[in-house]
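Morning, everyone. I will go through one model, starting with its sheet and then turning to the helices. Please have a look at the structure first.

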Amino acid sequence: MSHSFDEISQQLKRRHRKSTRLKWITMGSLGLAGLFLVLFFADMLSKGLPAFQQAYIQTEISYTEEAETDGRRAFDEELLPLISRTVVRVIPMELRNNPDMIGTSEEQWVLATSEVDQYLKGHRHRLSEEEQEALDARVEAGQVDLRFNSTFFGSGDSKIAENAGILSAVVGTIMTMIVTLAISFPIGVMTAIYLEEFAPDNRLTQIIEININNLAAIPSILFGLLGLAIFINFFGVPRSSPLVGGMTLALMTLPVIIISTRTALRSVPESIRHAGFGVGCSRWQVVRDHVLPLAMPGIMTGSIIGLAQAMGETAPLIIVGMVAFIPDVGVSFTNAATVMPAQIFTWAGEPEQAFVEKTAGGILVLLTILISLNAFAVVMRKKFERRW
């Protein structure tokens, strides 16, 4: 059936209008996603950057005999509500360790309470009017200041908000990632090499490949349940330790490394393999000396991205108990520890206002590490990849 020129023109116009609408819808979706991302980072920066500053008060500390048993006697009574309890607690210990200090006094900048810190930053606080007036007078005299919060980066968790830090969580994260990398990388790469280069194409191999692809898509909390059932309940691995956390995350990371390694191996042209066979190399020699070195940039990229994904996981580590209160830095892979996502989760549940900015500050630190790892993976891939 023939169509007139006008009918064809109308059809083309409708197609062009649909194409234009689709283009604007996709651009709007992309812009909306970008807007949400900008709002997210703006909110995190506005809440998290204040966590990198902490209030300090300049005061005279009197090392008297009474202060050896009661640290509060070393400070002016009017200032005690404004000074952190962690400062008061260490005075008796200092005097017991250094008896020569008794009878002396000195001016020091000491840590202020979280309420003072929140007041100086303009946030919600619980200071009385008298305390605010006393604090304002000291601010005008230059005896109160906001300084870099070294405590946040140099100490472990604490129930006292101004003394809570992320160091123990960072060390626990590093130890957990070491275990994860030591288990998942060699096993994942060797599994991928066997499946891609040596395994016969039969029903068993196909079933294994299907299950590996399915494991990469299941919820991460199921790996936590698996780690709880096998590693803790069956093998007796210490609960809350970097060892059990790393083993659990290794199970979750394995499918990612296997799939990315197989993709990297497939990217190597068959001509490389044929050339190796042509000069008398065995299959293992071809893989070891020719295919694997050429595929290594892709393997490393996939492994780094897999580790970055594992570093941001919380659910499986909660199941294996890595949400414990850890004030001290761990020294062993079998000691109780926590990780950065679990530490952030713990702080998010605290009622004090000061923990809100510590939660956002911890998120900023974690995001910085994750973005750096992903950027490093992209740079490595761009630098070492070969185009055939």
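**Sheet and helices**

Strand β1, residues 53-63, pairs with β2 in the antiparallel sense over eight bridges. Pairing here requires at least two DSSP bridges between two strands. Strands are DSSP runs of E, at least two residues, and helices are runs of H or I, at least four, numbered from the N terminus.

On provenance: this is a predicted model, with local features needing pLDDT of at least 70 and side-chain atom pairs pLDDT 80 or more, while totals for chains, interfaces and linings use all residues. Residues are numbered from 1 along each chain as its sequence is written, and side-chain values use heavy atoms, without hydrogens and water.

Back to the strands. T59 has Q108 in β2 as its bridge partner. The open sheet has three strands, ordered β2-β1-β3, with antiparallel pairing.

Next, helix α1, residues 5-48. Its 44 residues reach 64 Å from first C-alpha to last, close to the 64 Å expected at 1.5 Å a residue, where the expected span is 1.5 Å times one less than the number of residues. Which residues of α1 are buried? They are S9, M44 and G48, buried being under 20% relative accessible area with a 1.4 Å probe, protein chains only. These buried residues pack against α14 (354-384), contact being heavy atoms within 4.5 Å.

Finally, an unreviewed UniProt entry lists residues 243-265 and 360-380 among its transmembrane regions; such annotations may be inferred rather than shown by experiment. In the model, residues 360-380 are 100% helix and 0% strand, with end C-alpha atoms 30 Å apart.

Terms used: Buried means under 20% relative accessible area, exposed over 50%, partly exposed in between (1.4 Å probe, protein chains only).
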